[in-house]
Amino acid sequence: MAENIKIRKIHKDIKTLDKSISVSDKVKKSDGQAGDGTECKQEYEEPVTYAQGKVTEGIEQVAHKGTYYMEEQRHRLSRKVRECRRISQEVGQKKPDIQRKVDNTPPGKGSSVPPAGEKSIYQPKEKNTHPPKMGKKVEAQRTGQSIKSKGKTVKHSGRTVKSAQQAVKTTRKAQQPVKNTSKAAVESARAAKKVAKGAAKAVRSVTAAMKSLITFLIAGGWIAVLILLIVLLFGGFLCMTGGDNFSTVSPVSAEVQAYEPVIRKYAKQYGIGEYVELIKAVIMQESGGKGKDPMQSSEGNFNTKYPKQPNGISDPEYSIECGIQELRNCLTSAGVNSPMDIDSIKLSLQGYNYGNGYITWALNHYGGYTLANAAEFSDKLALEKGWESYGDKQYVPHVLRYYPMGRTPEGTGNQAVVQIALAQQGNSGETYWRWYGFQNRVSWCACFVSWCADQCGYLQSGVIPKFSLCSDGVKWFQNKGQFKDGSYVPAPGDIIFFDWKNDGTIDHVGIVVRVKKGIVNTIEGNSGDSVKQRSYPVGDDQIYGYGVY
């Protein structure tokens, strides 16, 4: 043990000296060989060699230990086999003697049967000094029992021999898998060495890539660094507001969805037909569509038929009619311009919960809604009225979790039109072709695209044209120099045009939702006479081209 410790210390000293010598040699070579890249190359390769050695050494240790344990198990089984053989041989040697005793061998040779004419001697029990008298019949019975017992002994011995022989066979069979496992361990060790070599190659590749990156940064200077920063920031922005953003919206319940015809009826009647999705979100927060007062408008100014108390209205349609009028007043007071005017919508929503007086107070004191001033107003009113609380301080975020357009802030680019379009999924076309000005049904795919653009303010700003003929939309983008052919990989919000028969006639139009794994996902009006999502391979021959902006 002491010698091993001594050798390790000497080994460390030698290694230390070797390192100092190698450093001095490198200094000398660098002074004498200007421009030679040998030493620089050696410095880059040392970590790779070190990593290769460590990986190989670790795998070899695992394989060596596995082989050792397998061999140890094989030796143990071999010892048991030899022991079983020895027992079998001993039993075989004793078998003839036992057989001779059974076959009435002469006395003196180990037989317990008395000779003819002699009486068997009975060994007395304790306190029995006089042996009992036995007749010839009893003696003959005892002799027969003794012979039977010896016969049984021979049979048991025979069974023992057979059992020992079977144990030998079983042990031999068990020994074979151990040998096979040992061979497999050796093969695994060889394979592990190959893996180690592959890992070393991978380390070399990574090192080379890092060299290239460092060289690129040094060559490009601050320009390269600036480009990398822009790419990283832009990529992070896409992750936060990308095409999958709409999937984070909580869906409204089936009960709320069932009220959509009634909602559309009164929304149109009171001049806020484009705010159907917002109304549905309000109902979802107020009641989930359950009960007879789904918009909780019993205490509002427009309830004139039922008691002005919580759940005083017992007619769901009347509740929706009153609630829509209340929400319309809040939208007007807050100065909401469109379904995408999120800041003003937040103000109007909190006004719907607190009452219209909050809107005036928030505009006068803060210029609009904030979560903090909503809490301040609640505390103020609760104190004035002597209540424990007043309204819902978190009402705005509670409603907006069900509002698709609320997920995308205003001004984030083409995602706005995508959010508007997705919120219309499943709708029929009357809303869109009547908005365009038609009195009867027409092919309304272009009307749908124009309507969505209008909701975002894109028609007013001239970003997207108002068109009902698909060919007119193509011409508009072509004249602006903003048209791409079907081989183009589009972005969310681009307008996609289709030519079903490849005859140069523009047959259909939709909006690109996202592009993922070579598939263009779209939202289209008049697809089976409703708003639906579709998908096509990038470069599909039915895609005529794209309007970009």
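Hi everyone, let's begin at Tyr-436, which sits in helix α14, residues 430-436. Helices here are DSSP runs of H or I with at least four residues, strands are runs of E with at least two, and both are numbered from the N terminus. What we have is a predicted model, where local features need pLDDT of at least 70, side-chain atom pairs count only at pLDDT 80 or more, and totals for chains, interfaces and linings use all residues. Residues are numbered from 1 along each chain as its sequence is written, and side-chain values use heavy atoms, with hydrogens and water left out.

So what does Tyr-436 touch, not counting residues up to four places away in sequence? The list is Cys-447, Ser-450, Lys-466, Phe-467 and Ser-468, where contact means heavy atoms within 4.5 Å. Tyr-436 and Cys-447 are eleven residues apart in sequence, and their C-alpha atoms are 6.3 Å apart in space.

Now to a pair of helices. Helix α13 (residues 415-422) packs with helix α15 (residues 445-455) at an angle of about 120°, and their axes are 9 Å apart. The axes are lines fitted to C-alpha atoms, for helices over the stretch in contact, and angles run from 0 to 180 degrees between N-to-C directions. That angle is why α13 and α15 are oblique to each other; under 35 degrees would count as roughly parallel, over 145 as roughly antiparallel, 65 to 115 as roughly perpendicular, and the rest is oblique.

Who meets whom? From α13 come Val-417, Ile-420 and Ala-421, and from α15 come Phe-448, Trp-451, Cys-452, Ala-453 and Gln-455.

Next, the inside. The largest nonpolar core has 83 residues, and among those with the most contacts inside it are Ile-279, Leu-349 and Ile-511. A nonpolar core is a set of buried Ala, Val, Leu, Ile, Met, Phe, Trp, Tyr and Cys residues joined through side-chain atoms within 4.5 Å. Buried means under 20% relative accessible area, exposed over 50%, and partly exposed in between, with a 1.4 Å probe and protein chains only.

Is Lys-501 buried or exposed? Its relative accessibility is 69%, so Lys-501 counts as exposed. Lys-501 lies in the loop between β2 (495-498) and β3 (508-516). Lys-501 and Asp-541 are 40 residues apart in sequence, yet 9.2 Å apart in space, C-alpha to C-alpha.

To finish, the whole chain: it has 17 helices and six strands, and of its 549 residues, 34% count as buried.
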